[in-house]
Every structure is written in C-alpha cells, then in structure tokens.
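Please keep the sequence and the model in view while reading.

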Amino acid sequence: MPQLARSRRKALPRRQTRGVRTREAILRRAVNLASVEGLEGLTVGRLAEDLKMSKSGLFAHFGSKEGLQLATVEAARQMFIDQITLPALKAPKGMPRLWNLIDSWLGHVEGKLYAGGCFFTAASFEFDDRRGLVRDRIAAIMREWMAALERAVFEAQKAGHIEAKISATLLAHEVQGIGLGAHWSHQLLDAPIAYARARDNVRGRLASVATPSCPPLPLANAAKLKKHL
C-alpha cells in the first residue's frame with residue numbers, strides 16, 4: 001500500500017503537467033484563431049470545432065465564453081512578453097534598448113507571432129467600445145505596454161541618448177501611433193512595405209531627438225524600401 005501511494009503521488013504531477021501542456025496548446029490555438037476571426041467570435045463551440053475536441057472537455061477548462069476570452073488574452077500577453085519584451089530588455093539601457101523593443105515589436109508582428117497580425121491591436125479596436133472584464137483586461141495590458149515604451153524612453157534620457165526636454169510620454173505615444181498605422185496599412189491595404197516604412201519613420205523620429213552622445217541607430221533597409229516604392 002505505501003508503494004501504491006507513492007506511485008500515485010508521482011503520477012499526479014505527470015497528469016498535472018500533461019494538463020498544463022494541453023491547456024497551453026489549446027490557448028495557443030485560441031490566440032491565433034482570435035487574431036484572425038476576432039475575440040468576440042471565439043466561443044467554446046468554435047474552438048472545439050477547430051481543435052476537433054468535445055465542447056464539454058473545453059468547457060471544463062474555461063467554464064464560459066468570457067472565461068475562454070480572458071484566458072486567451074492572458075496567453076497572448078505571455079507570448080508578447082516571452083518573445084518581444086524580455087528579449088529586448090537584454091540590450092543595454094538607453095537608445096539600444098528602446099530601439100530593440102520597438103524593432104522586436106514590429107518584427108514579431110510582421111513575422112506573424114499571431115496568425116492574424118497584432119493580436120492586441122485588433123482586440124483593442126474590437127473591444128474599445130464594449131464594457132466588461134475582457135475590455136478592462138485588454139486596456140490594462142495596453143497600459144503595461146505603453147508604460148514599458150515610456151520607461152525605455154526615460155532610460156534613454158537618463159543615459160544621455162535622448163534630449164531631456166522631450167516628453168517620454170508623448171514620444172512613446174508617437175511610436176505606438178506609428179506601429180498602429182503600420183498594422184492598419186499591412187492588414188487592410190495589403191502593403192508589404194508597411195513595417196519597413198514604420199521602422200524608417202521611428203528611426204527618423206528617434207534621430208531627431210537624439211543627443212550627440214547617442215549610439216548610432218541601425219541603418220534603414222534602403223533596398224527593401226525602394227523595392228516597394
């Protein structure tokens with residue numbers, strides 16, 4: 001009996017690990033499905049159909065459409081942190097880190113980190129006039145992102161790479177606006193040059209506020225820009 005009890009204790013973590021992996025795989029698919037079809041169209045039934053799973057099995061994981069939507073938003077946030085924010089923070093503080101953060105963001109959206117483009121840009125537009133927990137969570141995550149951009153600008157000012165008189169808040173919002181415009185142009189107008197143009201615009205704006213001691217910004221991909229002009 002003691003041996004049986006020990007074997008059950010060992011089996012439990014394995015079952016829990018499998019359950020976590022299953023949930024993560026479900027949510028990765030949910031993120032990509034929602035990035036293409038919208039969060040509002042993401043239901044337990046739609047996801048079950050896509051994954052060829054039972055609705056009851058998925059319902060046990062999430063409990064409701066809102067529960068599924070909230071879990072999907074959290075999964076998208078973690079993907080963003082793991083593949084965009086954390087790698088960018090490995091760069092030295094100052095302009096290199098600010099540029100890496102922006103370049104990583106644009107690059108991963110362009111490279112389809114989410115199947116339908118930028119998950120949070122699409123979700124922000126979809127839920128900006130809806131009230132409820134899902135909208136509140138999307139808004140909170142967007143505030144986190146804006147705070148990260150603003151902090152990177154402020155650190156670049158502390159490092160002496162950006163003029164101190166510049167408003168970190170306004171510059172962060174300018175960068176965000178350029179990124180939103182690139183997403184719109186790429187997704188709606190099928191503009192292949194959208195993200196290269198966005199990088200060029202951001203590079204020009206940062207260069208306009210850089211100090212003489214600022215490290216040089218990466219050069220624009222002139223060939224890529226010229227190809228699509």
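A polar contact is a pair of N or O atoms within 3.5 Å; within protein, one atom must be able to donate a hydrogen and the other to accept it, and residues adjacent in sequence count only if both atoms are side-chain atoms. The model discussed here is predicted: local features need pLDDT of at least 70, side-chain atom pairs count only at pLDDT 80 or more, and totals for chains, interfaces and linings use all residues. Residues are numbered from 1 along each chain as its sequence is written, and side-chain values use heavy atoms, with hydrogens and water left out.

## The chain as a whole

The chain contains 10 helices and 0 strands. Helices (H or I, at least four residues) and strands (E, at least two) are DSSP runs, numbered from the N terminus. In sequence order, the pattern is α-α-α-α-α-α-α-α-α-α.

Of the 229 residues in the chain, 40% are buried. Here, buried means under 20% relative accessible area, exposed means over 50%, and partly exposed lies in between (1.4 Å probe, protein chains only). The chain exposes about 12500 Å², and carbon and sulfur atoms supply 57% of this area. Such areas come from the Shrake-Rupley method with a 1.4 Å probe; for residues, only the protein chains shown count as cover.

A contact means heavy atoms within 4.5 Å. Among the contacts in the chain with a separation of 6 or more, 68% are between residues 24 or more positions apart.

Arg 97 belongs to helix α5 (residues 95-110). Why does Arg 97 count as buried? Arg 97 counts as buried because its relative accessibility is 15%. A polar atom of the Arg 97 side chain lies 3.1 Å from the backbone oxygen of Ala 91. Not counting residues up to four places away in sequence, Arg 97 touches Ala 88, Leu 89, Ala 91, Pro 92 and Glu 155.

Gly 94 lies in the loop between α4 and α5. With a relative accessibility of 0%, Gly 94 is buried. Its contacts, leaving aside neighbours within four places in sequence, are with Glu 155, Ala 156, Ala 159 and His 161. Gly 94 and Phe 154 are 60 residues apart in sequence, yet 8.2 Å apart in space, C-alpha to C-alpha.

## Helix α6 and its surroundings

The axes of helix α4 (residues 65-88) and α6 come within 10 Å and cross at roughly 145 degrees. Axes are lines fitted to C-alpha atoms, for helices over the stretch in contact, and angles run from 0 to 180 degrees between N-to-C directions. Which residues of α4 and α6 meet? On the α4 side they are Gln 69, Thr 72, Val 73, Ala 76 and Arg 77, and on the α6 side Phe 119, Phe 120 and Phe 127. By class, this contact has 5 nonpolar, 2 polar and 1 charged residues. Ala, Val, Leu, Ile, Met, Phe, Trp, Tyr, Cys and Pro count as nonpolar, Asp, Glu, Lys and Arg as charged, and the others, Gly among them, as polar.

Thr 121 also lies in helix α6 (residues 119-127). Thr 121 has a relative accessible area of 6% and is therefore buried. Apart from residues up to four places away in sequence, Thr 121 touches Leu 180 and His 183.

Gly 117 is placed in the loop between α5 and α6. Gly 117 is buried, with a relative accessible area of 1%. Leaving aside neighbours within four places in sequence, Gly 117 is in contact with Val 109, Lys 112, His 183 and Gln 187. Gly 117 and Val 36 are 81 residues apart in sequence and 7.7 Å apart in space, C-alpha to C-alpha.

Most residues other than glycine have a negative phi.

## Cysteines

A disulfide is a pair of cysteine sulfur atoms within 2.5 Å. By this rule, the count is 0 disulfides. Cys 118 is buried at a relative accessible area of 7%, and Cys 214 is buried at 14%.
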